[in-house]
Every structure is written in C-alpha cells, then in structure tokens.
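Please look over the structure below.

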Amino acid sequence: MEDKSIDSIENHHNRPEILSALKDDEGLSTRKSETTKKEMIYFALKLNSSQIIRVSVVSNNALKHIKLSTYVHIILFSLLNLFALISYRFYLKRYLFDRIDQIKKMLEDGNEIKEVVSKDDRWLFKFWEVIKEWQDNNLKNIEKLKLEKIKLNNIISSVDMGIILVDTEKKIKLKNDAINFIYVKENINNYKKDIKYPEVIKFIDRLISKKENNISEIYLDDIQKYILLRGKYMKSREEYLFTIKDITRNRETLEVQKNFITNVGHELKTPLTNIMGYLIALRGEEDSNKRDKFISTIERNAGKLDNILMDFLNLSKIESSKVVNLAPIHVNLLKDEINRSLENQIESKKVDLSYKLDLQTDYIRIDFEKTTMILKNLIENAIIYNINTPKIKVTMEEKFDKYKISVRDNGIGMNKSDTYKIFDRFYRVDKARTSNVAGTGLGLSIVYELVHLCGGDIDVKSNKNGTSFTFTMIK
C-alpha cells in the first residue's frame, strides 16, 4: 500500500458496517475498496460506546473458504444420504416390507391380527392401529355378510318353488335345487344351453327382450307337469328374476274336487230321488207287501246317505282330534265288531272273510275305534270293488314295537298309476271300471290319516288278481 498518514485517511463513521455496528453491535458489508481497488468484505464490532473495531479481507480469499466449506458440506451430506439410502434399502425397507407382508398374510387368512409392530416405531405403530381397527370392522362385516348369506340360502332352499336369477349376458347368477328337473345338467351357466325345455327358454327370452314383468302357465308333456312361470325385471341391477312352481298337484286337486262335486251330487241325488219317489208311492199304496218293499228301499237309500255323511264326519273328527287311546283289547272283540258292522254286505255277497293271527297273546294294545275304522274301510272296499265272490284275508303280526296288519282280496285291482293317488281325498279310480260303485272317495283318505295318526305307514300293491293293503301301528 502507499504510505499514507492516519490523518490523511477518510473517516469511516458513515460506512454501512459501522452504522450497523452502532445500531446492532455488529455489522457486515461488501464493496469495492477505494484504497485497494479490490472487492472487500468488511466486518465491524462495537467494543463500547466510543470504540468500534473493523476488519476487512479480500473477498476472493473468503470465497475460497466458502467454496471449500460448501464442498465439504456437500460431500458430507452426500455420504450421509448414501448411508441413509443404503440403510433404507438393506434394513428399513426390508423391515417395512416384512411387516407389510405379515399384515397382508393375516388379512388374506382372515385371522385376527396379533401384535407385529412395537410402540417404538411410532408412525408404523399408528399405521398398524388403523389397520387393526379396519380389520376388526371388516371381520365383523364379513361375519354379518356370512350370516345373511346363510339366511338367504336357507330361505331360497326352503321355498317350494324354483328360483333363477339371470343377467343381461344370459348367464345364470343364482338358482336353487327346487327346479333341477328343468336342467340338462346340474352345473349350469347359460340358460339357453342348460335348460332343456324350449317353452321355458322362450318365456325367459320374451321377458328379457321386452324388459317387463310377466306370468305364464306351461305344460311339460314329457314329465306331465304343469308349471307356473313368473318373471320380474329388476331395473336397478339389470337382472331378471324367475320363479318356477310345480302346480301339477293343484291342478289335479282342482280336477279331483270337480269330480267329487259331480260324484257327491250324483250319489246324494240318487238316494234322495228314490226316497222321495217311494214316499209318494207309499202314501197311496194299500198292498202291505208293496208297502214293506217300498219301506225297505227307502231304508236302503237312507243308509247310503248315512254312509256318505259318516265319511265326512269321520274325516272331520280325525282332523279335530289327534289323540290316540291305546288300551289292551281282546282280538276277538275286534273281529266281532268288524263282522257286525259289515254283516249285511258279508251276507249279501257271501264273502269269505278269514283271519290269520301271529300274536304273542290274545290281547292287542291298540286304539280300538281307529283300528276298527281302518279295517272296516279296507274290507268294505275289498267287497265293493269285486266282481267275483269276495275272498278276503286279514293277517296280523306282532313286531318289536308295532303291529303289522294286511288286508288282501281277489278284487278287480287297479293300475299302478292309481296306487299313488288313492289316498288323496275325493280321488276315485277309473269311472268306467267303477261306474256302478257308490262312494265319495274319502274312505282310503280316512284310512291314511288314521294309520299315520297311530304312528304307522301304509303301502298298497295291486294287480289284476287283487289288491293288498299293508299297514303298521304302534303298540
């Protein structure tokens, strides 16, 4: 520097660093020095109220120090980042992934989550608590859904009609077992391919194409069944719900009831007409022999009316009372009661009625009234439905806790198809074969009800040589 005296140097009291030091005890500034003609960095420090010390340095040297310090920091932080990255990849990442895999496995297995995270891992522990709470709620919802699904399946399985749910792609989404008879195979997917009846497919096609509710009654000829088809379009789900109900029995019942009304009307009208006619004739008849004949005819027709009414009363009595009165009865008392109640028919048709008893004692423990009514109806049918001299054999065997009783005859028999229906109320076999036989069709229905009321079962076998009824009763 040039040699200058202190007095010649400019006063520095107005420099920015001095002003800052006076105000804040220290100050810093950078500028080009008029003395050195170089870029300088100035720092001023207030010592007391009257003294300030100031230092300066060429900025190039300071920048070197700053750059060096920056490089050192960059290298240091780079190494720290590299260490953190290596730690994350080889430890923390693996640790997190292991924990997440454990959580995933527990969620997939549906098991209750156990503690797999310690409280020291605060953020992971918080995440863990959220997962646990979510899983608890999820498991509860899943359990509710399972119960609802079980209820729904039980309801669907228990209804007496078939259910099919079809989507817009003609795939079957849901079905129950009540209508397996309409399928080609058990496992079905597409109704067009897997349902074997064109009538059913046409009904489904028509509803899907029109997207409207519909109902139709269809007869399936090869299985001889009437089915009632109902279809409902569910707009919100774009699905179609179909129900199929077998109404064959309902149709048959209606037919039987129609026939019953016709038969009963005829059976009641004939004896009533005869009674009225002979009563009119009786009034003006003076011949005592003819009067006795008229009275006999009236009594016979009144008996027919009484039998018809008794069938209705007996059936009503059975339905209103389900009590079985078991008591020891001498077997001869049972035979005598049957012979007495059927005495007129046995004598008029010269019936050969025999008994074969295989019992431990002469006393049998039965409901006397019900057993008598069962045997009376079966033997009476064996007499009525017979074009030959009736030969009827009643056998009774004693089993462990039941009696096995059978009634065999040499009557006209019946077709196998009739044996499945003869216990239905009001059912009567082919009119052409029994047109001259009076009756309501309630006799065997009464027998069926009484046998089951007495804790037994009944079976029938029939051919052209006769019919055999076999039933059991509790002791």
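**Cores and selected residues**

Q: What kind of model is this?
A: It is a predicted model.

Q: How many residues does the largest nonpolar core have, and which have the most contacts inside it?
A: The largest nonpolar core has 40 residues. Ile379, Phe469 and Phe471 are those with the most contacts inside it.

Q: What does Phe471 touch, leaving out residues up to four places away in sequence?
A: Phe471 touches Ile374, Leu375, Leu378, Tyr403, Lys404, Ile405, Val451, Asp457 and Ile458.

Q: What lies apart from this core?
A: Another core, of 23 residues, lies apart from the largest one; Val166, Ile182, Val200 and Leu229 are among its members.

Q: Changing topic: is Glu239 buried or exposed?
A: Glu239 is buried, because its relative accessible area is 9%, under the 20% cut-off. Glu239 is found in strand β8, residues 239-246.

Q: Which residues does Glu239 touch, again not counting those up to four places away in sequence?
A: Its contacts are Leu165, Val166, Asp167, Lys173, Lys232, Tyr233 and Met234.

Q: Is Ile280 buried or exposed?
A: Ile280 has 60% relative accessibility and therefore counts as exposed. Ile280 lies in helix α6, residues 248-284.

Q: What separates the C-alpha atoms of Ile280 and Phe294?
A: The separation is 10.0 Å, with the two residues 14 apart along the chain.

Technical notes
Residues are numbered from 1 along each chain as its sequence is written. This is a predicted model: local features need pLDDT of at least 70, side-chain atom pairs count only at pLDDT 80 or more; totals for chains, interfaces and linings use all residues. Side-chain values use heavy atoms; hydrogens and water are left out. Helices (H or I, at least four residues) and strands (E, at least two) are DSSP runs, numbered from the N terminus. Buried means under 20% relative accessible area, exposed over 50%, partly exposed in between (1.4 Å probe, protein chains only). Contact means heavy atoms within 4.5 Å. A nonpolar core is a set of buried Ala, Val, Leu, Ile, Met, Phe, Trp, Tyr and Cys residues joined through side-chain atoms within 4.5 Å.
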